[in-house]
Amino acid sequence: MNKKIITVISLGICGKELLTVESMNMLKNADRLFLRTEMIPCAKDLREEGLSWTSLDDYYDRYDDFDKMHTAMAEYLWKEVRESGSLVYAVIDARGDGSVRELIRTA
C-alpha cells in the first residue's frame with residue numbers, strides 16, 4: 001500500500017530567493033503541486049522556473065466564511081491525495097495557515 005502524503009511548504013511573501021534549496025527542490029520534484037494562492041510574488045518566480053500547479057484561489061470566491069473555506073480546502077486536498085498519491089501544498093506561512101491547521105486536524 002502506498003503511503004498518502006501531503007507535504008506543506010511555506011513560501012513566505014517574498015520571491016524565490018528566500019526559499020531554501022530543500023523547499024525549491026520539493027516544489028520542482030512534486031508530482032502534483034497545489035498553491036493556496038498564486039497571488040504572491042513567489043508564484044511568478046516559480047512559473048519562470050517552469051513549475052505548474054493547481055491554485056485554490058477560487059475558494060475565496062466560493063466561501064464567505066474562512067473556517068468553512070479552510071475545511072473545504074482540506075477536504076479537497078485529502079481527496080486528491082487519496083486518488084493520486086502524494087502531493088505538495090504551498091502556502092504563505094504554514095504555521096498560521098487555517099487550511100494547514102485543518103489538514104492536521106483531519107489527518
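Residues 24 or more positions apart make up 60% of the protein chain's contacts with a separation of 6 or more, a contact being heavy atoms within 4.5 Å. This is a predicted model, in which local features need pLDDT of at least 70, side-chain atom pairs count only at pLDDT 80 or more, and totals for chains, interfaces and linings use all residues. Residues are numbered from 1 along each chain as its sequence is written, and side-chain values use heavy atoms, with hydrogens and water left out.

**Overall build**

The protein chain holds 5 helices and 4 strands. From the N terminus, their order is β-α-β-α-β-α-α-β-α. The radius of gyration is 13 Å, close to the 13 Å of the globule rule for 107 residues, so the chain is as compact as a globular protein of that length. That radius is taken over C-alpha atoms, and the rule is 2.2 Å times the number of residues to the power 0.38. Helices (H or I, at least four residues) and strands (E, at least two) are DSSP runs, numbered from the N terminus. Buried residues account for 41% of the 107. Buried means under 20% relative accessible area, exposed over 50%, and partly exposed in between (1.4 Å probe, protein chains only).

**The sheet and its helices**

The 4 strands form an open sheet in the order β1-β4-β2-β3, with parallel pairing. β1 (6–10) and β3 (54–55) are the edge strands, each with a single partner, so one side of each lacks a neighbour in the sheet. Two strands pair if DSSP finds at least two bridges between them. Strand β2 (residues 33–35) is joined to β3 by 2 bridges. Here L35 stands opposite S55.

Axes are lines fitted to C-alpha atoms, for helices over the stretch in contact, and angles run from 0 to 180 degrees between N-to-C directions.

| Helix | Strands | Angle |
|---|---|---|
| α1 (residues 21–29) | β1, β2 and β4 (87–91) | about 130° to β1 |
| α5 (residues 98–105) | β1 and β4 | about 145° to β4 |

E22 lies in helix α1. At 57% relative accessibility, E22 is exposed. Its C-alpha atom is 10.0 Å from that of I9, 13 residues away along the chain.

**Helix α2**

In helix α2 (residues 41–48), C42, A43, D45 and L46 are buried. Seen down the axis of α2, they fall within an arc of 165°, so they line one face. The arc is that of the directions from the helix axis to the C-beta atoms. Their cover includes α1 and β2. K44 and E48 are exposed on the other side. Just after α2, G50 takes a positive phi of about 90°.
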